[in-house]
Amino acid sequence: MNHTVYFADKSVIFTSDAPGGECYAVVPADPADLSRAKVTKILESHNCVAVVSADPDAAFRSFAADFTQIEAAGGVVVNDCGEWLMIHRNGRWDLPKGHWEPGETIEECAVREVGEETGVRGVRIVRPLCETFHAYPMRGRWELKRTRWFEMRFDGACALSPQREEGIERVVWCPPSELDGRLRATFPTIRCVMACVG
């Protein structure tokens, strides 16, 4: 199975076949030789790195072991008018998501985070969509966040309320006619998630 880890706008793909194109291919003799420092150094001059291995799962696990693991969940919420729930944070459009808390299921986490970040409560999960991996430095350590995404529906009306303490500036219901423009102003992880909805 292939895995993609996003570093903001850059990506590292763990695959058994070199993807070609502008992706810089790395073929480690031993997955244990593939350090986070080595990969982040390559990402300084390339937007995409393909780690080519006969066992991409093992290469991914070896790489992931160099990070603090974070579990999260989020939702792609559509209302009864066909509009998409989006948040604006750090200058980009995004989807509501957040950290899993002990004692809750991952589905409960996704529903809770949508409510906390947007004020939209009472969403229902339609189906699981995908999972994404996002790596970033945080307070002197590197974290690897796995976010599990769910397609959700919301029927009714409520006041939108951005969770400002999480840096969320705006919450909007995005009509389909504006979706492409907003997706161009977001992270590749979010475009990947939205592609799973279709």
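## Basis

The model is predicted; local features need pLDDT of at least 70, side-chain atom pairs count only at pLDDT 80 or more, and totals for chains, interfaces and linings use all residues. Residues are numbered from 1 along each chain as its sequence is written, and side-chain values use heavy atoms, with hydrogens and water left out.

## Cysteines

The structure holds one disulfide, a term that stands for a pair of cysteine sulfur atoms within 2.5 Å. The bond runs between C23 and C48, with an S to S distance of 2.0 Å. C23 sits in the loop between strand 2 (10–15) and strand 3 (24–26), and C48 belongs to strand 4 (residues 48–52), so that the pair links distant parts of the chain, 25 residues apart. Helices (H or I, at least four residues) and strands (E, at least two) are DSSP runs, numbered from the N terminus. The torsion about the S-S bond of C23 and C48 is about -55 degrees, so the disulfide is left-handed. Both C23 and C48 are buried; buried means under 20% relative accessible area, exposed over 50%, and partly exposed in between (1.4 Å probe, protein chains only).

C158 is partly exposed, at a relative accessible area of 31%, and C196 is partly exposed at 28% relative accessibility.

Leaving aside residues up to four places away in sequence, V5 touches K10, S11, V12, F14, F60, F133, A135 and L144. Contact here means heavy atoms within 4.5 Å.

## Helices

Helix 3 (residues 106–118) has 13 residues and spans 18 Å from its first C-alpha to its last, close to the 18 Å expected at 1.5 Å a residue. The expected span is 1.5 Å times one less than the number of residues. Its buried residues are I106, C109, A110, R112, E113, V114, G115, E117 and T118. These buried residues of helix 3 pack against strand 5 (68–79), strand 6 (84–89), strand 8 (97–99), strand 10 (141–154) and strand 11 (168–174). Just after helix 3, G119 has a positive phi of about 85 degrees.

Helix 4 (residues 176–184) packs with helix 5 (residues 188–195) at an angle of about 145 degrees, the axes being 9 Å apart. Axes are lines fitted to C-alpha atoms, for helices over the stretch in contact, and angles run from 0 to 180 degrees between N-to-C directions. L179, L183 and R184 in helix 4 meet I190, R191 and M194 in helix 5. The residues of this contact divide into four nonpolar, no polar and two charged. Ala, Val, Leu, Ile, Met, Phe, Trp, Tyr, Cys and Pro count as nonpolar, Asp, Glu, Lys and Arg as charged, and the others, Gly among them, as polar.

A8 is not a glycine, yet has a positive phi of about 55 degrees. A8 lies in the loop between strand 1 and strand 2 and is partly exposed, with a relative accessible area of 35%.

N90, likewise not a glycine, has a positive phi of about 55 degrees. N90 is in the loop between strand 6 and strand 7 (92–94) and counts as exposed at 63% relative accessibility.
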